[in-house]
Amino acid sequence: MGTHPYSDLPKSAFWKTGVAQENPYAIEGIYKKKFKIPPQKKIATAGSCFAQHISRHLKKNGYNVLDVEMPPPGLPDKLHQKFGFSMYSARYGNIYTVRQLLQLTQEAAGEWTPQNFIWEKDGKFYDALRPVVEPKGLDSPEEVIKHRQFHISRVKELFENLDLFIFTLGLTEMWIHKKSGTVYPTAPGTLAGDFDEEIFEFQNSRFDSINRDMKKFVQVLRRMRGGRNFKMILTVSPVPLTATASGHHVMVSNVYSKSTLRAIAGLWAEKPFVDYFPSYEIVTNPRMQSTAFADNLRSVRDETVETVMKHFFKEHQSVQRKKSSSVSSYSSVKTKEDIQCEEELMEAFGK
């Protein structure tokens, strides 16, 4: 039997040996880093709910994860997350779509201004672009504007100073303000505000538009930085949609969303400054047989998050343990991880 293109491929190239017979908790060859992350490099994190796990584990393992909006000294640790602190590198809450990310960056660069972003509920006022950071709301629209101005000033500083940006792609579905195109992380009328179909509309982004948004994001970020380059690691959230407004079954909509985002991540990972980390693939591995998720089949179990991050730190070793090259060098986050996720609140509106 002669040689052929598959003769000398590693076991990771075949489904039988790479998946069916492989240990799902230590998958050989599933991730090979494109570049190193030196200990001094400044890291910024953002994205959908699953990105909160990545941020915490990076901090735990000694990496220089920036936090430009630290919680006030008197706020107890247990309330940090409730008020949007310590989740990401700034207090922007979950950023589910690339369009959200683009608009935040344009706002920080002074190139764009959001419209209709102050929503009211029970006499209190909320920043609709990050509605959960003030769970009890603020007393006036002016106070919302003041808080947002400070927040944007911190985001500007973050984007100007980062060396590595880690972003988790979460959704393709989004609600927008028709007149201005302002994108929200939640539908109007859920957490605050009132829904009016004359003012707001639903969109489900296609590959081309997401790719354009990513291109614009990179361009704006480079302008902000005076042309200085940066590196980026993309992941795709394995957390399924809570609900869909697309008119299709939620399972069909979820596959569309995740496959589109995975294709975007794959395209951008072909660029020298972008790497892709397969958290989505590790969690949805058929060998896990849905044990990766809690009983609701959405929330990723803490043990599964540990498995995901072990694969990451096998390549990017814990800063405090650089001398070891084994998976065991990873320092896990032992406490139960509570994740702030506005999208999960959509379940309350189901029949």
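**Legends to close-up views of the predicted model**

**View 1. Met232 and its bridge partner in the sheet.** The bridge partner of Met232 is Val274 in S9. Strand S8 (residues 231-236) pairs with S9 in the parallel sense over three bridges; two strands pair if DSSP finds at least two bridges between them. Helices (H or I, at least four residues) and strands (E, at least two) are DSSP runs, numbered from the N terminus. The model is predicted: local features need pLDDT of at least 70, side-chain atom pairs count only at pLDDT 80 or more, and totals for chains, interfaces and linings use all residues. Residues are numbered from 1 along each chain as its sequence is written, and side-chain values use heavy atoms, with hydrogens and water left out.

**View 2. The open sheet S1-S4-S8-S9.** Four strands form this open sheet with parallel pairing. Strands S1 (43-47) and S9 (274-276) stand at the edges, each with a single partner strand, so one side of each is left without a neighbour in the sheet. On average, neighbouring strands are turned by 20 degrees against each other, direction ignored.

**View 3. Helix H2 across the sheet.** Helix H2 (residues 51-60) lies across S1, strand S4 (164-169) and S8, and runs at about 160 degrees to S1. Axes are lines fitted to C-alpha atoms, for helices over the stretch in contact (heavy atoms within 4.5 Å); angles run from 0 to 180 degrees between N-to-C directions.

**View 4. The crossing of H3 and H4.** The axes of helix H3 (residues 98-108) and helix H4 (residues 141-161) come within 9 Å and cross at roughly 95 degrees. H3 is therefore roughly perpendicular to H4 (65 to 115 degrees). Leu104, Thr105, Glu107 and Ala108 in H3 meet Arg148, His151, Ile152, Val155, Lys156 and Phe159 in H4.

Terms used: Parallel < 35°, antiparallel > 145°, perpendicular 65-115°, else oblique.
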